[in-house]
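User: I am new to this protein and would like a short tour. Can we take it question by question?

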Amino acid sequence: MTAAASFLSLFPRPAPSQQPCRFSSVHPPSSRRKPSFSISIAHAAAPSSSNPTPTTSEEPPKPQIELEFLGPKAGADGAYPVDKASAVSGEKLLRNIMLDNKIELYATYGKVMNCGGGGSCGTCIVEIVDGKDLLNERTNTEQRYLKKASLLKPESWRLACQTIVGNKENSGKVVVQRMPQWKT
């Protein structure tokens with residue numbers, strides 16, 4: 001008697017209708033290797049006495065801010081080109097929304113010489129045409145920079161790298177003029 005057969009003889013075979021275990025050979029019988037076995041055990045689910053609670057919890061939708069970006073120069077028809085984007089309220093800076101949506105933010109000089117969002121270069125200046133109340137207040141960094149040349153930079157101008165769109169609770173529409181210093 002082989003070692004596997006003597007091992008199996010230690011366990012009585014259950015009745016055919018109650019087979020909790022199955023033994024199957026991994027290697028064919030003609031193989032010269034020692035036989036190996038895999039065991040799979042079927043488990044019956046125990047009846048539950050309590051009602052299952054639903055595991056899916058739907059979160060309410062987050063408020064959205066719709067954005068329109070006006071081009072810096074009017075077309076032949078006098079209208080400014082418009083790019084659109086949307087963002088979850090209070091989660092992103094205006095600069096990042098524009099970069100993520102491939103909306104031109106910088107003029108030629110700014111593409112090369114921008115500070116990367118530190119608020120020190122002023123190359124990401126935008127004008128908020130509508131929806132100012134949906135943005136954060138000016139940061140100290142932004143106030144210092146824009147105060148330097150207050151005659152040239154009106155109150156509606158913001159640094160995109162310092163402007164958070166929304167406050168996580170509000171929603172609405174913001175209209176932004178890109179590169180307002182070029183506006184014709």
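Predicted model: local features only at pLDDT ≥ 70, side-chain atom pairs only at ≥ 80, totals over all residues.

User: What share of the residues of the protein count as buried?

Analyst: The protein exposes about 13000 Å². Carbon and sulfur atoms supply 54% of that area. A residue counts as buried under 20% relative accessible area. Of the 184 residues, the buried share is 30%.

User: Which residues have the most contacts inside the largest nonpolar core?

Analyst: This core has 26 residues. Elements that give two or more residues to the core include β3 (64-70), β4 (82-88), α2 (94-100) and β5 (125-130). Also among them are α4 (140-148), β6 (157-159) and β7 (172-178). The residues with the most contacts inside the core are L67, F69, L94, V126 and V174.

User: Which residues does L94 touch, not counting those up to four places away in sequence?

Analyst: L94 is one of the residues with the most contacts inside the largest nonpolar core. Two others of that group, L67 and F69, are among its partners. Leaving out residues up to four places away in sequence, L94 touches L67, F69, V126, I128, A160, T163, V165 and V176.

User: Is Q162 buried or exposed?

Analyst: Q162 is found in the loop between β6 and β7. Beyond four places away in sequence, Q162 touches L93, G117, G118, G119, N136, T139, T141 and E142. Its relative accessible area is 13%, and the cut-off for burial is 20%, so Q162 is buried.

User: Where on α4 do the buried residues lie?

Analyst: The buried residues of α4 are E142, Y145 and L146. They cover an arc of only 90° around the axis. What covers them includes β5 and β6. On the other side of α4, N140, R144, K147 and K148 are exposed.

User: Which residues make the nonpolar surface patch of about 370 Å²?

Analyst: One member, M113, has its place in helix α3 (residues 108-113). At 46% relative accessibility, M113 counts as partly exposed. The patch is made by Y109, V112 and M113.

User: How far apart in space are G116 and R95, C-alpha to C-alpha?

Analyst: G116 is found in the loop between α3 and β5. With a relative accessible area of 48%, G116 is partly exposed. In sequence, G116 and R95 are 21 residues apart. In space, their C-alpha to C-alpha distance is 9.7 Å.

User: What is the phi of K168, and is K168 buried or exposed?

Analyst: Most residues other than glycine have a negative phi. K168 is not a glycine, yet its phi is positive, at about 75°. K168 is found in the loop between β6 and β7. Its relative accessibility is 56%, so K168 counts as exposed.

User: And M179: is it buried or exposed?

Analyst: M179 lies in the segment after β7. M179 also has a positive phi, about 45°, although it is not a glycine. Its relative accessibility is 1%, so M179 counts as buried.

User: What share of the contacts with a separation of 6 or more comes from residues 24 or more positions apart?

Analyst: Contacts here are heavy atoms within 4.5 Å. Among those in the protein with a separation of 6 or more, residues 24 or more positions apart account for 61%.

Notes: Residues numbered from 1 in each chain as written. Heavy atoms only, no water. Patch = residues over 30% accessible without salt bridge, like charges linked within 9 Å, V, L, I, M, F, W, Y side chains within 5 Å. Areas by Shrake-Rupley, 256 points an atom, 1.4 Å probe, with all protein chains shown as cover. Salt bridge = Lys/Arg side-chain N within 4 Å of Asp/Glu carboxyl O. Helix = DSSP H or I, 4+ residues; strand = E, 2+ residues; numbered from the N terminus. Buried < 20%, exposed > 50% of the residue type's maximum accessible area, 1.4 Å probe, protein only. Core = buried A, V, L, I, M, F, W, Y, C linked by side-chain atoms within 4.5 Å. Arc of directions from axis to C-beta.
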